[in-house]
Amino acid sequence: MKLGRLNHIGVATPDLDASIAFYRDVMGATDVTEPFVLESQQVRVCFVNTPGENGTAGTQIELLQPTAADSAVGKWLEKNPLGGQHHICYEVPDILEAKAWFEKLGKRVLGEPRVGAHGTLIFFVHPKDMGGQLTEIMETPKGAH
Ligand SMILES: C[C@@H](C(=O)O)C(=O)SCCNC(=O)CCNC(=O)[C@H](O)C(C)(C)COP(=O)(O)OP(=O)(O)OC[C@H]1O[C@@H](n2cnc3c(N)ncnc32)[C@H](O)[C@@H]1OP(=O)(O)O
Ligand SMILES: [Co+2]
């Protein structure tokens, strides 16, 4: 597998609206997308866009508020009530090839690929197999970059 672009850093928050205000007012963000619910991951989500080089899209901060206490992000917030960095997400050209790669290396892929917040397939790899970092792999959207 060839490592692709760092698409986003997932940041969990107990209060999405407060986090949006933080990124605007404290971090100077000028481009924050409208929040929406992604039922398959039990999150309300929006993106803070950072600028890339030469007008290209930069890495995003993905703000995640759980819609259920017993969800992945809900359980994580129980241990980390302030919120903070939850996962990192890299792009790959072929999601099934990437899944096979991690599985061949004995890494725990968490479930089958599902459609993520960018409309392409994603999967997660267990943090205990990844140096402590919950890692999301997503297929690059068609026509991007
Ligand atoms: C919108 C979408 C998108 O981008 O398109 C998304 O990103 S959705 C993003 C939300 N969705 C997901 O995260 C889905 C994938 N995540 C999961 O399946 C789960 O959260 C697991 C990673 C398997 C953890 O669940 P589990 O029930 O095992 O929780 P647990 O608290 O018992 O955790 C087991 C051990 O892993 C550690 N652990 C848990 N979550 C972690 C995280 N985010 N980063 C690093 N370590 C983590 C715990 O501290 C614990 O270590 P100790 O045993 O040492 O205490
Ligand atoms: Co994500």
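An oxygen atom of ligand 1 lies 3.2 Å from an N or O atom in the side chain of Lys 75, a polar contact in the sense of a pair of N or O atoms within 3.5 Å. Taken alone, ligand 1 exposes 1,100 Å², of which the protein buries 70% (accessible areas by the Shrake-Rupley method with a 1.4 Å probe). The model is predicted, with local features requiring pLDDT of at least 70 and side-chain atom pairs pLDDT 80 or more, whereas totals for chains, interfaces and linings use all residues. Residues are numbered from 1 along each chain as its sequence is written, chains are lettered from A and ligands numbered from 1 in the order in which they are written, and side-chain values use heavy atoms, without hydrogens and water.

Two further side chains make polar contacts with oxygen atoms of ligand 1: a polar atom of Glu 62 at 2.6 Å and an N or O atom of His 8 at 3.1 Å. Glu 62 is also among the closest of the 21 residues surrounding the ligand, together with Lys 79, Ala 117, Lys 128 and Glu 136 (a heavy atom within 4 Å). By class, this shell comprises 10 nonpolar, six polar and five charged residues.

Helix H2 (72–79), strand S5 (84–92) and strand S7 (121–125) each supply at least two shell residues; H2 gives the most, with five. Helices (H or I, at least four residues) and strands (E, at least two) are DSSP runs.

An unreviewed UniProt entry places the feature "domain: VOC" at residues 5–140. This span is 21% helix and 37% strand, and its end C-alpha atoms lie 9 Å apart.

Note on methods:
A polar contact is a pair of N or O atoms within 3.5 Å; within protein, one must be able to donate a hydrogen and the other to accept it, and residues adjacent in sequence count only if both atoms are side-chain atoms. Ala, Val, Leu, Ile, Met, Phe, Trp, Tyr, Cys and Pro count as nonpolar, Asp, Glu, Lys and Arg as charged, and the others, Gly among them, as polar. UniProt positions are given in the numbering used here, feature names are shortened, and annotations may be inferred rather than shown by experiment.
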